[in-house]
Number of protein chains: 2
Amino acid sequence: MSGRRRGPSTTRQQILEAAREVFADRGVDGTTREIAQRAGVDPAMIAHYFGSKGGLFQAVTALQIDPADVIAPVLDADASDAARQLLTALVRTWDAHASVLSAVVRSATRNTVLAGQVRTFVLERAVRPVVTRFSPDDRIDTRAALLASQITGLVLTRYILRWEPLASADPDWVVDHIAPTVQGYLTGPLPDSPAGR
Amino acid sequence: MSGRRRGPSTTRQQILEAAREVFADRGVDGTTREIAQRAGVDPAMIAHYFGSKGGLFQAVTALQIDPADVIAPVLDADASDAARQLLTALVRTWDAHASVLSAVVRSATRNTVLAGQVRTFVLERAVRPVVTRFSPDDRIDTRAALLASQITGLVLTRYILRWEPLASADPDWVVDHIAPTVQGYLTGPLPDSPAGR
DNA sequence: GACGGAATTCATCAACCGGTGAATTATGGC
DNA sequence: GCCATAATTCACCGGTTGATGAATTCCGTC
């Protein structure tokens, strides 16, 4: 039956929720119709409310997390406590927006532009400033790379692949167990680096 | 022009090479025709030689790497050297089959079955046996999870996202810099684990 | 040099994709 | 109660996907 439904419209919100789930599971490619179906709504509603699938994705990921805000308190921390502060801030943020995080990461797998944004986001805006602040030497790039490898691995296993026991672990547990590594990469000694790597 | 080409046929091999590149860049979804195009060949050749796109993917990933073979020598190592041995074995294997690794990981993002296989592969067949062998206590799951987080992060940054300087780093450099973390997760002390995690 | 079979292209298929525009129905202000 | 407006569905479009079957051309063998 065509025409407006009775009662107040919750369609827009239902689409957003369905989209967050589907995007988190499968990324942005290959699904508008399933989102509509899961929301119990005609696919045309997506174009109506969000213009296009890209618009919907932007709306889903719109609650922009500014990495500067997240790491700002970390930069004021004591050097010996930097890793714990950083991990606490990151895990707290990610736990609060796990589905959006998964949606972005999964979509970035197939989208070069988005992948570049994620890279900038993680490496330049989050990891690098912290490393620059706390590194006891000038091996910024090395420390940033190592840090990034541990942090992206945490994101991948806990939030994307959802491997247990990490996926359901308490935030404090995660911080306790991974902080030593992060602290080592941040301020610990590094192996001698042969000339051209 | 229809009909057979002159000279000996290299089509099958050309398709395989093109497929490895394309799959490594974009995963298995959304491309048969580009593979054919890159191989300079009609898309129908893929069905002709490999039956279907799935068959082509299987052919590309057919050089099966048995994780048991890779970690077998590691299990004989000295406990103090286990991390270096493990990382050396892994990095060597991955470097030799980087495009296949990337193809599998990228495809697993969208394929639940494949994702499960990857999980089993990494967690049960590779990480777990090593942890079981070297762990000084019974916290196998914890150590396996931590190890997996660092190892998947390495795969992600070095082989999939190709973030520098990790992507171009010498294998020895990678082993030198990450082995301490791996050794720590494998045999080092862990924080006290509160009851229900 | 004729001929069976393999290799290759072409035209084409149904299915699905994201998106558009018109038609239909309810809502809410006046 | 009227009516502009918003909400919703429907039919449909051009484009792309993976795959099929027939037609064409070359190779190897006898």
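Reader: I'm starting with the DNA. Which residues are the closest to DNA strand C?
Author: A residue is near a strand if its C-beta atom, placed from the backbone, lies within 6 Å of it. By that test 29 residues surround DNA strand C. The closest of them come from both chains: G3(A), R4(A), S52(A), T11(B) and A44(B).

Reader: Before we go on, what kind of model is this?
Author: Residues are numbered from 1 along each chain as its sequence is written, while chains are lettered from A and ligands numbered from 1 in the order in which they are written. Local features need pLDDT of at least 70, side-chain atom pairs count only at pLDDT 80 or more, and totals for chains, interfaces and linings use all residues, since the model is predicted.

Reader: Back to DNA strand C, then: which helix gives the largest share of the surface near it?
Author: Helices (DSSP runs of H or I, at least four residues) and strands (runs of E, at least two) are numbered from the N terminus. Near DNA strand C, α3 (44-50) and α4 (53-60) of chain A, plus α3 (44-50) of chain B, each supply at least two residues. The largest share is 3 residues, and it comes from α3(B).

Reader: And which helix gives the most to the surface near DNA strand D?
Author: Around DNA strand D there are 28 residues, with T11(A), G3(B), R4(B), T32(B) and S52(B) nearest. Here α3 of chain A is joined by α3 and α4 (53-60) of chain B, each with at least two residues. With 3 residues, the top supplier is α3(A).

Reader: Now the protein chains. Which helix of chain A supplies the largest share of the side that touches chain B?
Author: Two residues are in contact if their C-beta atoms, placed from the backbone, lie within 7 Å. The contact takes 35 residues from each of chain A and chain B. On the chain A side, α8 (112-134), α9 (140-160) and α10 (171-187) each bring at least two residues. The largest share, 12 residues, belongs to α9(A).

Reader: In chain A, which residue has the C-alpha nearest the axis?
Author: Superposing the copies by least squares on C-alpha atoms of residues with pLDDT of at least 70 in both takes a rotation of 180 degrees with 0.0 Å of shift (RMSD 0.1 Å). The two copies are therefore related as by a two-fold rotation axis. In chain A, the nearest C-alpha is 1.7 Å from that axis and belongs to G153(A).

Reader: How far apart are the centres of the two domains of chain A?
Author: Domain bounds come from an automatic or database domain assignment, which gives domain 1 (8-60) and domain 2 (67-187) in chain A. Contacts link 9 residues of domain 1 with 8 residues of domain 2, and helix α1 (residues 11-26) gives the most to the domain 1 side, with 5 residues. The C-alpha centres of the two domains of chain A are separated by 29 Å.

Reader: How many residues are in the largest nonpolar core?
Author: A residue is buried with 20 or more other C-beta atoms within 10 Å of its own, exposed with 12 or fewer, and partly exposed in between, the C-beta atoms being placed from the backbone. A nonpolar core joins buried Ala, Val, Leu, Ile, Met, Phe, Trp, Tyr and Cys residues through C-beta atoms within 7 Å. L86(A), V127(A) and L147(A) are among those with the most contacts inside the largest core. Its residue count is 116.

Reader: Is S9(B) buried or exposed?
Author: S9(B) sits in the segment before α1 (11-26) of chain B. Because S9(B) has 11 C-beta neighbours inside 10 Å, it counts as exposed.

Reader: Which peptide bond in chain A is cis?
Author: Most peptide bonds are trans. The loop between α9 and α10 of chain A holds P165(A). With omega about 0 degrees, the cis bond is the one joining E164(A) and P165(A).
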